[in-house]
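Okay, thanks for coming, everyone. Let me put the structure up, and then I'll walk you through the fold, the core and the pocket.

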Amino acid sequence: MQSTNLTRGQNQWSALDWWPPIGWWPEPARDLLEPGSATASATFVLPPRAESVHSARSFAAGTLAGWQLADLLDGMELVVSELVTNALRHGMTLGDGRVREAMRLSLIRRGGLVTCAITDPGSSAPVLRDPTPFEPGGLGLHIVESLSVCWGWCPLVPQGKAVWAVLAA
């Protein structure tokens, strides 16, 4: 897993206001891009509720259908589910115990590649764990890793993070 910084120049983004800047793509995945590939993006604000997982999956399905990338649908739905669930469980509480209601799902298309980026106000890094056989859960990032070309996270300034995964058609 690699971490990169989203800030460019004087731009300062936090999870409360981050929308993918024009042309944004995760730095560790830039070598995957074809020069001149078409770009499109869509962003959806999600409240911190369990129902947001279903809403995020529906948004991703509709966006991929609009981009004629239905072959990515099954994998993207699983990736979106895992990343939104992780954001809800681990990223919505700030260090002082306050809960923020800012979570965004962004899908960014570059040619046949689509990045799913979830922002949340938490500062803790996502951890790829090896849970015990009797532990409920803990395999979400393994699922993301197995379905994506690459994945990672990046801190946002002054607070929050974006966790992203790139899927290929």
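So, how many helices and strands does the chain have? There are three helices and six strands, counted as DSSP runs, where a helix is H or I with at least four residues and a strand is E with at least two, numbered from the N terminus. Reading from the N terminus on, the order is β-β-α-α-β-β-α-β-β.

Quick housekeeping. This is a predicted model, where local features need pLDDT of at least 70, side-chain atom pairs count only at pLDDT 80 or more, and totals for chains, interfaces and linings use all residues. Residues are numbered from 1 along each chain as its sequence is written, and side-chain values use heavy atoms, with hydrogens and water left out.

How confident is the predictor? pLDDT is its confidence in each residue, from 0 to 100, and the chain averages 84, with 85% of the residues at 70 or above. Where pLDDT is low, the predicted coordinates should not be read in detail.

Now the inside. Of the 169 residues, 46% are buried, meaning under 20% relative accessible area with a 1.4 Å probe, protein chains only. The largest nonpolar core has 30 residues, and Met76, Leu83, Leu105, Leu107 and Cys116 have the most contacts inside it. By nonpolar core I mean buried Ala, Val, Leu, Ile, Met, Phe, Trp, Tyr and Cys residues joined through side-chain atoms within 4.5 Å. Which element gives the most to this core? That's H2, with six residues. There's also a second, separate core of 14 residues, including Trp18 and Cys154.

Take Leu105: beyond its neighbours within four places in sequence, its contacts (heavy atoms within 4.5 Å) include Phe44, Phe59, Val80 and Ile118.

Last stop, the largest pocket, with about 420 Å³ of space. A pocket here is an open set of points on a 1 Å grid over the protein atoms alone, where a 1.4 Å probe fits, with protein on both sides within 12 Å along at least five of seven lines; lining residues have an atom within 4 Å of a point. The volume is the space filled by probe spheres set on the points, which are joined across faces, edges and corners. It has 22 lining residues, and Asn86, His90, Val127, Arg129 and Leu141 are the closest to its centre. H2 turns up again, giving the most to the lining with seven residues.

Note on methods:
pLDDT = per-residue confidence, 0-100. Buried < 20%, exposed > 50% of the residue type's maximum accessible area, 1.4 Å probe, protein only.
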